[in-house]
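Thanks for making time this morning. I would like to walk you through one model, so please have the sequence and the structure open while I talk.

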Amino acid sequence: MSSSYPFEPSRRAVLQGAVSVALTPAIASAQSRSTETGPRAGDRVFLTNEDSNTLSVIDPVTDELLPTVNLTSFDEDSRPPFRFVTGNVTPTHGEMVQKPLYHGAISIHGCVPSPDSSMFATAGRGTSNLYLVDTTKLKVIGNQPNPQAGATTSPDILTSGILVGREPHEPTFTRNGKEVWVALRGESKIAVIDVQRAVAESAGELPRGAAIRRFMPVLPGPAMVWFSAGGETAFLISQKQPRIEVYNVKYDAQGFSTTERKMTIDTSAQDRFGFAPFVKITPDGHEFWVSQKLADCLSVYEARGEHRLLDHVPLGEKARPNHVEFVKNARGSVAYATFARVDDDGPEGRTSSRIAIIDRSAPAGKRRVVGHFFSHGRESHGIWTDPSKTKLYVAHELDELPGSPHAGQTVCSAFDISDPLQPRFIKQIPLGTLDLPSGKLRNKKSINLVYVRPGARSETA
């Protein structure tokens, strides 16, 4: 169903006459993208593919796919019970994790880089575990060489990762990189993981459970936590209650945390459904933004002091916002919000989700949607920029429809955001397949997306 959105234009948009609800995409010239101000050699974009249990990797300099990171256990043995394709029959994505003796990931979901960008953590919702991935080697940390490796078998045996508890949704590193906090939606807890011990446990050098420092009882349905710029405060959102819990965080001489609840924020006036899947702090550390999906809005709070509500931003009927990303460069300051909703009036008459543009240059209390652009995919979800804030990547949950250039493929979309108020479409990047010895596993249903520059400070630093 197509929709239009009333919105209040920003001061800049009025001056430029740029207040159309759907910005016309234009192909950006590859020559116009400077490797000095945009992507650099070695940068990587990672996407978590929930249905295929794989990680797609994109080189943002060329926007070409790199080899898919495998979190399945298929083809570790050449005998039929261990194969992905058996008797020339390729299982559906739903059936494949029910195959006998499968011990790989199920429903890969959350994803976040470490402060030094050397690794990222991703959660298996269905397997109740956490994996760490090396961002340079493009390898799951803790995998072991397969003694049966050969032409018909995989080179590695997948690690069991770190068993953390039911329904791990999103992991987040502490600012010093010593811990990962994992929101367990199914247990109303946070699992606090020692990163160094997690690396050893993943490799089988420590017994199962050795990396877990503690469990924090929290509000029901915890979705995600994000830390203040100095790491002294943690903001926790819920997908079961209209509440935000705020914690004071202290660190010992080794850098490990202790916490006490500071306050609880009642969000029922903004989000009567109590379903908030995403929270992120602004790069300046002054605000944290919360996506309130079923209420079709964003709420903005002070990251310091009493954590007052600063803005409540309606996004339109059934927008169903997923993730938020912030962009500030010489030509503007905005927040983008991806929509799960799919509209039928997209580019070239094809279905597409929209992404809202919120002008952050307006004063607190006055931030509003000033425009939208099409995501060039269906059910947009994860969104992240390069460090220079000139290039944007968007993940999508749904495959492209028949008749589309990449029909049947899950796609990632790239945009030139040198002018944040006028994003320019670059290309769709179909995510292709994981090529296993027994057959091709299609990468499917991208949830989270992160942009990583190995060796540089990430947004969690």
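Before the first pair of strands, one definition is needed: two strands are said to pair if DSSP finds at least two bridges between them. What you are looking at is a predicted model, and I will keep that in mind throughout.

With that definition in hand, strand E23, residues 321–329, and strand E24, residues 332–343, pair in the antiparallel sense over seven bridges, and the two of them form a hairpin with two residues between them.

Let me move to a sheet. Here four strands make an open sheet in the order E11-E12-E13-E14, and the pairing is antiparallel. Its edge strands are E11, residues 168–173, and E14, residues 212–217, each of which pairs on one side only. Neighbouring strands of this sheet are turned by 20° against each other on average, direction ignored. Within the sheet, strand E13, residues 189–194, and E14 pair over five bridges, in the antiparallel sense, and alanine 191 stands opposite phenylalanine 215 in E14. Helix H3, residues 195–202, lies across E11, E12 and E13, and runs at about 80° to E13.

The largest nonpolar core has 48 residues, and the members that touch the most others are Ile193, Phe288 and Leu315. Apart from that core lies another, of 29 residues, among them Val57, Cys111, Val133 and Cys412. Coming back to phenylalanine 288, its contacts, leaving aside neighbours within four places in sequence, include Phe235, Ile244, Ile265, Val279 and Tyr301, and also Lys280, Glu302 and His307.

Is threonine 135 buried or exposed? Its relative accessible area is 1%, and since buried means under 20%, threonine 135 therefore counts as buried. As for what surrounds it, the side chain of threonine 135 reaches the backbone oxygen of serine 117 at 2.6 Å. Once its neighbours within four places in sequence are left aside, threonine 135 is in contact with Arg44, Phe46, Ser117, Ser118, Met119, Phe120, Val452 and Pro454.

How values were computed
Residues numbered from 1 in each chain as written. Predicted model: local features only at pLDDT ≥ 70, side-chain atom pairs only at ≥ 80, totals over all residues. Heavy atoms only, no water. Buried < 20%, exposed > 50% of the residue type's maximum accessible area, 1.4 Å probe, protein only. Polar contact = N/O pair within 3.5 Å; in protein donor to acceptor, adjacent residues only side chain to side chain. Contact = heavy atoms within 4.5 Å. Axes fitted to C-alpha atoms, helices over the stretch in contact; angles between N-to-C directions. Core = buried A, V, L, I, M, F, W, Y, C linked by side-chain atoms within 4.5 Å.
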